[in-house]
Amino acid sequence: MIAFLAGRIAHKASDRLYLEVEGIGYELMTSTRTLSLIGGRGEDLLLYSYMHVRENEVSLYGFIDEEEKRSFLALIEVSGIGPKVALAVLSSLQPQMLAGAVATEDIALLSSVPGIGKKTAQRLIIELKGKLDAIFPAAEQATSADSTNGDSSFGTSGSGEHSAFADAQAALFSMGFSAAEIAEAFTGAASDADSEALLKYALSKMGGST
């Protein structure tokens, strides 16, 4: 198994990149999140990786961090979810947002991902419940808060970062932005920012204003 690859970026496409490692070019399928966080051609890069093997195909998938890789591995264990759909989920929802959506059973958010309908969203919740807690413990806290006050948004936990991202995300959804647009807008935001700062940051990236 190839755990990670370190080399130079040779080319970036809309859903993949080519990494040159000691004269060998590797094609890695990636999420839009990963593509938005890496540099340009010729820059050094380390990507965590997963090799998917089936009868007539061997594919490599690349991830900007371990959280995204572990979320991907959890997703492909869900019945009916393959690597391409898992990447679609992670392209629309940052790993922490996915954990929060599962923890609070946010079917509306999960089914906003292209290719994920209501039934698949329900299956994601059932089969991922508890599996993402080790990656994002705040998701477990959100579940407790949700059961206490009945709030369906995943900003209900006492975790400042978790709540701030959830509150800012909810505000953007109310403005009509899609899950993919919101995930892209939060890329690079400070992890300790409050909801107001996150909202301003996201809107500035999308060319809007508060």
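## Basis

Residues are numbered from 1 along each chain as its sequence is written, and side-chain values use heavy atoms, with hydrogens and water left out. In this predicted model, local features need pLDDT of at least 70 and side-chain atom pairs count only at pLDDT 80 or more, while totals for chains, interfaces and linings use all residues.

## Overall make-up

The protein chain has 10 helices and five strands, taken as DSSP runs (helices H or I, at least four residues; strands E, at least two) and numbered from the N terminus. Of its 210 residues, 46% are buried, that is, under 20% relative accessible area with a 1.4 Å probe, protein chains only.

Contacts are heavy atoms within 4.5 Å. Among those in the protein chain between residues at least 6 apart in sequence, 52% join residues at least 24 apart.

## Nonpolar cores

A nonpolar core is a set of buried Ala, Val, Leu, Ile, Met, Phe, Trp, Tyr and Cys residues joined through side-chain atoms within 4.5 Å. The largest one has 41 residues, and F72, L75, L98, L128, L132 and F186 have the most contacts inside it. Helix α4 (residues 95-103) gives this core its largest share, five residues.

Beyond its neighbours within four places in sequence, F72 touches Y50, Y61, F63, P83, A86, L87 and L90. Another core, of 11 residues, lies apart from the largest one and includes L17, L19, L35 and I38.

## Residue Q122

Q122 belongs to helix α6 (residues 118-128). Q122 counts as partly exposed because its relative accessibility is 32%, between the 20% limit for buried and the 50% limit for exposed. Q122 and S111 are 11 residues apart in sequence, with 8.8 Å from C-alpha to C-alpha.
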